[in-house]
Amino acid sequence: MLPLILTGLLVSGSVSTAFARGVTLNGYVRNYTGILIDEENEYSIIQNTLNLDLVHSKSRIAFKANPYLYHYSDSELEIDLREVYMDIYFDNVDLRVGRQQIIWGKAEGVFITDIVSPKDMREFLLPDFEEIRMGVTAFKFDYYLGDHNLEAVWLPVFTPTLFPEEGSIWRPQIDYPVSPRYDYSEKEVKGSLENSEFFAKYSVITSAIDLEIMAGYAWDDDPAMHIRKQIDPGSGEIDSITVTPRHHRLSIAGSSFSSTLGPFVFRGEGAWYSGKYFNAAGAAVEKDYAHYLLGLDYTLWDINLSGQFIQQAIMDYDPKIEDDEFNNTMTLRARRDFMRETLTLELFSYLGLNNNDALIRPRIYYDLADGFEVLLGANLFVGEAGQFGQYNDNDMGYFKVKYSF
Amino acid sequence: MKRKAVFTGLFIILLALPGLSYGLDDPAGLEIIKKVYNRPVGEDQEGLLTMTLINSRGDTRVRKIRQFLKDFGKEEKKIMFFISPADVRDTSFMNWSYDEKGRDDDQWIYLPALKRVKRISSDSKSDYFMGSDFTYDDLGDRHPYEDKHKLLREEEMGGEDCYVVESIPREEEYIYSRTVTWIIKNKWIGLKKEFYDEDGEHLKTLKVEQYKKIKDYWIITHSQMHNVQKDHTTDMLLEDLEVDIGISDNKFTERMMKRGVR
């Protein structure tokens, strides 16, 4: 149906009609070409994108639709709605209903309290964050009192993380002694009122500090892998492994802040997860879990610098758990504009401190004209194991050409 | 009500803020600057700002911003919604500045791609705004005590009788070693301002192309900043200007940064 609508809009001249009715149409067209840096220089991706934003608003009501289309070099088409929602504004209350991206927290490139919208991880953490965060059908209620905001969100249907398909170079590595059989019979969380997700957040911005306090009763977007092993009675060795992915309920409470002191911006974010299951040798193990971050932003010699230290800590640790008890990560960003902000150099890195692995992302942006941008970049994976090192064979260079209108 | 010229935002500020200095050796210069700084410009303001960047080859890039300003007594709040170019559309920027001497502004930016309001430091006031020839300090709330002022002479410019005032920053490492401003007598508007770099070389010239009396306030609506060293220019045009229209306090909130200029 959506392709028909898009085609109708783009081909039949309805755009001008839509404009006449007060609908604004914006968006972008983009080519994204990635090349693996290896002996064969295979393309890791060739993707053409059409992304549209249609907005209509009156004084107290508005709607937005964000259809997008990915066209791949093998002619595969992906068409979907990232967002489609309605807004109604009252004096102190806003209500948003429909598919929407909901973003919380102060962290950059790390998801701690920012867990309402699930992630599209089909190309790991490489796409723009707008494309990593998936829209979810939600009823969002905001109450405002000056600079104070109370937000409540109901997600009637659970949406899990989208993982790379079998055979993708971005499929996470899981080492099993024998090739496993996957049993997906328990993976689905059926849509029902009992299976809804609920989130709430209080936030305030003041001269001294920006503060958020949140809580949620949700499903873990990432399934735990419950493993059953069949032992051969004769040899005593593992005969077969059955992996049963299953999502579990989570209770989350967290907070984040941001504040300035002279030239410095301090940021912090932390959350406590209760009911988190961790993959282990055998059945997945339930443990409470803390995830927190401290960050600092500073500008030196016109270079915008940003650093974050992130720690994940598993409480009452069980040595059978595959993850470390404490997992430490850092992010670093350096960015500088040149030529009246038409040329930007940027270096962003994730550093995995437990496994000495890293993802290093140098990028150069150049605006050929207003709204016409060329991006040259590289994704360099360092290490042999860990969240980033597992993709050591996926070093890639890429370019993006983007026209915004 | 008596208002600081800085409140009028991206225009009046430019020429209204050679700055004040307290207890200096030139009371005449100080008095002139005080009158510029305290010129009444209304309690609130809304306008469409068009900023045209022109390089030495004559190529142009255009940025459009819808801006709202309001005086809250001891603080002033400003919110700007970027309309074009397309790749920055729906980005918004909010600034709270304070009368309190030495207190930094508070600033936030909303990036629609991240769907998040981010607090930023207001410390880098020597950075250029959106690639233009105006620094944040040229546009923003540079407190008067940051400069020393001296009345150099009186002369006519553009048919107006003007005071010519030299302002020297107290901070040694500042990007300008001095500025010279031509201020229209009785209107207390800066008509022209020259900026000199750290080596004392002429860096930029700001010229007011048009100013208007709106309600009871003199407001600059068109000006140009020319960088004489790099030979590029930024043209700033303020249109659809409305003053004292009773803008709601709620306009200057995170809620409105996210909602946009609708």
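Two residues are in contact if their C-beta atoms, placed from the backbone, lie within 7 Å. Leaving aside neighbours within four places in sequence, A:V110 is in contact with A:L293, A:Q308, A:I310 and A:T331.

This is a predicted model, in which local features need pLDDT of at least 70, side-chain atom pairs count only at pLDDT 80 or more, and totals for chains, interfaces and linings use all residues. Residues are numbered from 1 along each chain as its sequence is written, with chains lettered from A and ligands numbered from 1 in the order in which they are written.

**Chain A**

Chain A holds four helices and 22 strands. These are DSSP runs (helices H or I, at least four residues; strands E, at least two), numbered from the N terminus. The C-alpha trace spans about 80 × 55 × 55 Å along its principal axes. Buried residues make up 27% of the 405 residues in chain A. A residue is buried if 20 or more other C-beta atoms lie within 10 Å of its own, exposed if 12 or fewer, and partly exposed in between.

The largest nonpolar core has 26 residues. Such a core is a set of buried Ala, Val, Leu, Ile, Met, Phe, Trp, Tyr and Cys residues joined through C-beta atoms within 7 Å. A:V110, A:I112, A:V116, A:V153 and A:L293 touch the most other members. Strands that each supply at least two residues of this core include strand 7 (136-145) and strand 16 (282-300) of chain A.

**Where the chains meet**

The contact takes 30 residues from chain A and 25 residues from chain B. Helix 3 (129-132), strand 14 (249-261) and strand 15 (264-280) of chain A each give two or more residues to the side that touches chain B.

**Confidence**

The model scores ipTM 0.90 and pTM 0.88. Chain B averages a pLDDT (the predictor's confidence in each residue, from 0 to 100) of 86. Over residues 1-24 of chain B, the pLDDT is below 50.

**Backbone details**

Most residues other than glycine have a negative phi, and most peptide bonds are trans.

The peptide bond from B:S84 to B:P85 is cis, with omega near 5°. B:P85 sits in the loop between strand 3 (75-84) and strand 4 (92-98) of chain B.
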